[in-house]
Amino acid sequence: MTTIQWFPGHMAKARREASEKLNLVDIVIELVDARIPESSRNPMIDEIVQQKPRIIVLNKADLADKQKTQQWVAYYEAQGYQSLAIDAQHSKGLKQLEKECQALMAPYFEKQQAKGVKPRAIRLMILGIPNVGKSTLINRFVGKNQAITGNKPGVTKAQRWLKIGRNFELLDTPGILWPKFEDPDVGKKLALTGAIKDQLLHMDDLALYLIDYLRQYQPNTLVDKFKFTTEQLEQETTVNLLLSITQQMGLKDDFETASQRLVHDFRQQKFGNLTLDVPYVSVNLHE
């Protein structure tokens, strides 16, 4: 299977600029895709953010498995991060995000007030990989279309400050991927969720990966949608399953078109709400 890599030149520049502007902001919002919370976390962001206060925000929670999203939020909080899930597209969770930011800055502003310094707007920076919904979040935050949105990665190319009412100022930054994915599965998950341009991908590779995932973690989806038996899912090769799906679609042996349809169906939630990153089992939600 082809190894997926994508690191356009403007992303290296964006990483450098984010590091340079870090001292201008109070809080970093690290935006990830709730369907792949860990796979959509850029390890470079740890290097950029260092000790700056951070909130890990799982966006697109409406597309992900709700229980697994709660487990991921609990996991990040157990790691010492503030974390919450939102659905920026439908403006769900934004007020809670504002409250989290204000709570995080309250001790600092109280100290400043004791010195006679008046409160000012909280300065935010949103960091994340392409296509996790940064522009949509900014537009919902600001209340009007301040950021360019698109359903393809790499739309935002420059930095700019945006005012959010009286309480916040936000530094918009382009999405940043990292130069090399150590785990090839990460590249496939990013590709499936649209973080990497489709033109760079082999759709049959992604379709095979999706089928493998579904038969391991949600076999009933394949049983319901394609009428596979449990025995078929246990014994058939993934390639044979894709061939069967291709024939069911009436495409004979046109693997490529069938693969494109499978990936498109995943992105359109035709397989239900899926979280491709399995939550770490070490999290105890009842602690």
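What percentage of the 287 residues in the protein chain do buried residues make up? Buried residues account for 49%, where buried means under 20% relative accessible area with a 1.4 Å probe, counting protein chains only. The model is predicted: local features need pLDDT of at least 70 and side-chain atom pairs pLDDT 80 or more, while totals for chains, interfaces and linings use all residues. Residues are numbered from 1 along each chain as its sequence is written, and side-chain values use heavy atoms, without hydrogens and water.

Begin with the whole chain, coloured by secondary structure. The protein chain holds 11 helices and 6 strands, taken as DSSP runs (H or I of at least four residues; E of at least two) and numbered from the N terminus.

Next, select serine 40, in the loop between strand 1 (27-33) and helix 2 (43-49). Serine 40 is buried, with a relative accessible area of 1%. Display its side chain, which reaches the backbone oxygen of isoleucine 36 at 2.7 Å and that of proline 37 at 3.4 Å. Beyond neighbours within four places in sequence, serine 40 is in contact (heavy atoms within 4.5 Å) with Val32, Asp33, Ile129, Val132 and Leu190.

Then select helix 4 (residues 94-114) and helix 5 (residues 134-142), whose axes come within 11 Å and cross at roughly 85 degrees. Helix 4 is therefore roughly perpendicular to helix 5, a term covering angles of 65 to 115 degrees. Show Leu94, Leu97 and Glu98 of helix 4, which meet Leu137, Arg140 and Phe141 of helix 5.

How values were computed. Buried < 20%, exposed > 50% of the residue type's maximum accessible area, 1.4 Å probe, protein only. Polar contact = N/O pair within 3.5 Å; in protein donor to acceptor, adjacent residues only side chain to side chain. Axes fitted to C-alpha atoms, helices over the stretch in contact; angles between N-to-C directions. Parallel < 35°, antiparallel > 145°, perpendicular 65-115°, else oblique.
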